[in-house]
Every structure is written in structure tokens, then in C-alpha cells.
Amino acid sequence: MPPLALQQGCQISVTTRLSSAEIDRAAALIRAGRLVAFPTETVYGLGGDATNDETVAAIFSAKSRPSFNPLIVHLLRADEAERLAEIDGRAALMMQRFWPGPLSLVLRRAPRCPISLLASAGLDTLALRVPAHPVAQALLRASGRPIAAPSANRSGKVSPTTANDVAAELDGRIDAILDGGACRVGIESTVLDLSGQKPMLLRPGGVALEAIEALLGPIEQAADSDTPSSPGMLASHYAPTTPLRLNATSVNAGEALLAFGPNAPSGAAKSLSLSDSGNLDEAAAHLFAMLRALDRPEFSAIAVMPIPETGLGRAINDRLRRAATR
Ligand code: TXA
Ligand code: MG
């Protein structure tokens, strides 16, 4: 049995040392319309051929994802975006500055766009991103297809940042996992909507808002509601089972602590630190893995210390607020 193949709907074999033959096998699965989880610099994606309607439908079903929630399409190079979507000066500037990297752009679909309409979930827009991770790029290159890839978790759960986390979420539901180690950024891409007159921040993420505003001027943040313009941004998303208590400066009996910075309170049943030195990039990289590690029934709650609302702190707080909403 080749190392990437699904073993009869139960164990997925996880490939750790990636040879070009393994990339080629994964690429062949993509071309055949199958589902392959792969690392990106942000989080692991659950990938499939974005031009294949049945494959895109299979992505939704593997994640148990509501079909109204559109997918990000991953490309090898920025110039591929031109035949898929309408690129104006703002979009060209963003692509030039931030691609490859953790920025997804929501753009109007081009007239003869070959991407499955299901990936847009009925909208006339398309989210595009060029990932920076070498394994993602190798898979895109070898498959020759645009790859639709939501985060490789079941809908509503925390995004996976390691191949083992993917296996815990999706074992038996997908065909292979490419293991590229832990994700460097650790938090999903920033989603910026450039399909209308005014740029809108739909999801804070791996590119800090400040860096985008330095080029485009002040940017509005889409309001959360039950009918958000980025449908994935439903208030309760990224939910661990254990309740979260935010802005905690002390711990209660039975609580686990997710600490940040040098002044962590003592007394926690278990304590993990996002960053001892208070570095927000380091904290983002640790966030999802630590939430998973502390999401255990023996803890009454996960107490989370305050995180400053600057740089990647904005994205961290966004995910924490969603995780705390139930
Ligand atoms: O970092 C990432 O973006 C990861 C990696 C795998 O690339 N992917 C990811 O995908 O986080 P997903 O599906 O978990 O989140 C995509 C977000 C959702 O909030 C979705 O609603 C929004 O992007 N989105 C996608 N297409 C959209 C569109 N056409 N209009 C508005 N929002 C869109
Ligand atoms: Mg997701």
C-alpha cells in the first residue's frame, strides 16, 4: 500500500519525509478528484481540485461544513488569478506585496471562471490565496490545479496546525495527509474583501491589518451577524468543548491556564504559555495547538490571559472570542 493511501476508511497514513514521489502521488490524488490535507504557512488545509464540483462537494461533506460557507482557492502563482477573478489596482498591489503569504483576497469572479460555483457557495465572488509553504507550493505545482482548501478541521472546530491534529479531525474522511511539520504562522489567513467599492476586513489573520492599511488606507471591519458577508465568520466558530474564560488575570480552582507574557498567575491545574516574552507572532503560532491541548474534560474552564489588540493580537482575540461564544 503506498504511504499516502487511505486504509479502508479508517487510518490515514501520515507521510513525514516528503519525497518528490510522495508529492507526485498526492498530486495524482488531487487530479483524480480526491481529498488531500496539506500544510500551509497558516494552518493545514483540506485540499481538492477547485474546478471539480464533486470534489468541492466532498470537501464540504468531509468537514460537515454548511454549504453556504465558501472556500479559499489556492494558487501557485499570482498571475493565475487573472483568468479567475477581476483584478483591480488595489488587488494587484496586495498580491505584489503579500503573495505568497497569509492573505486571502475576495474578488469578483471572472466571466468564464473555471472554478466550481460551489466553492463560491453561490456568491459572485471568489477568495484567492497564494500560500508560502513549500509543500503547498509543490502540491500545487505537481497537480497543476487550483486547490480549494478550507482549514482541515471539522466545521466549527479549531484549525489544525500539525498533521496529527488533521488526523484527529478527519481520519477516515479524506484520502491522504502530507506532513510538513508544525505551521509557522499558526493562525488562518487574513481575508480582505476587495469586491466592492470599499475594502472590507472579513477576517483578521496572518497579515496584520496595520500592514494592509499602510497601503490601502483605513479599512472597515465587517460586523459580525447571523448573515455575515464572510459566511464563515459565524459568531461561534473555532469552539473547543471546554468553556473559555477570557481576559483572566487569575485562575480559579480546576481551571487550566492559557498564559501570555511574563506575569502568569499560579495555581492552574495545567498551564501553557502562548509566549513567555509577550511576542504576538509566537503566540499566534501556538494558539490552536495549545487550545487543543487544554481542551480536556478534567478542566472546568480554560482561563485565557489578556492579549493586546495590535498586530496578530487582533486575529488571536478574534479566534478567542469566537471560541468563547457558545
Ligand atoms: O489560512 C487559511 O486561510 C486556511 C489555509 C488552509 O489556507 N484556510 C482557511 O479556510 O482558513 P476556511 O475555509 O477555514 O476559511 C475561509 C474563510 C471563511 O470565513 C469564508 O467564509 C471566507 O474565508 N470566504 C471564502 N470565500 C469567500 C467569499 N467569496 N466571500 C466572503 N468570504 C469568503
Ligand atoms: Mg476554517
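Visitor: What makes the lining of the largest cavity seven nonpolar, three polar and one charged?

Guide: In this predicted model, the lining consists of Thr190, Leu201, Pro204, Gly205, Val207, Ala208, Leu209, Gly311, Leu312, Arg314 and Ala315. Ala, Val, Leu, Ile, Met, Phe, Trp, Tyr, Cys and Pro count as nonpolar, Asp, Glu, Lys and Arg as charged, and the others, Gly among them, as polar. The lining therefore divides into seven nonpolar, three polar and one charged.

Visitor: Why is this space called a cavity?

Guide: On a 1 Å grid over the protein atoms alone, a cavity is a set of points where a 1.4 Å probe fits but cannot get out, and lining residues have an atom within 4 Å of a point. The structure holds one cavity of 30 Å³ or more, and its volume is about 40 Å³, counted as the space filled by probe spheres set on points joined across faces, edges and corners.

Visitor: Why is the pair Arg108 and Asp124 called a salt bridge?

Guide: A salt bridge requires a side-chain nitrogen of Lys or Arg within 4 Å of a carboxyl oxygen of Asp or Glu. The closest N and O atoms of Arg108 and Asp124 are 3.1 Å apart, so the pair meets this definition. The structure holds 14 salt bridges.

Guide: Residues are numbered from 1 along each chain as its sequence is written. Side-chain values use heavy atoms, without hydrogens and water.

Terms used. Chains lettered and ligands numbered in written order. Predicted model: local features only at pLDDT ≥ 70, side-chain atom pairs only at ≥ 80, totals over all residues. 1 Å grid on protein atoms, 1.4 Å probe; cavity = no way out; pocket = protein on both sides within 12 Å on 5 of 7 lines; lining within 4 Å.
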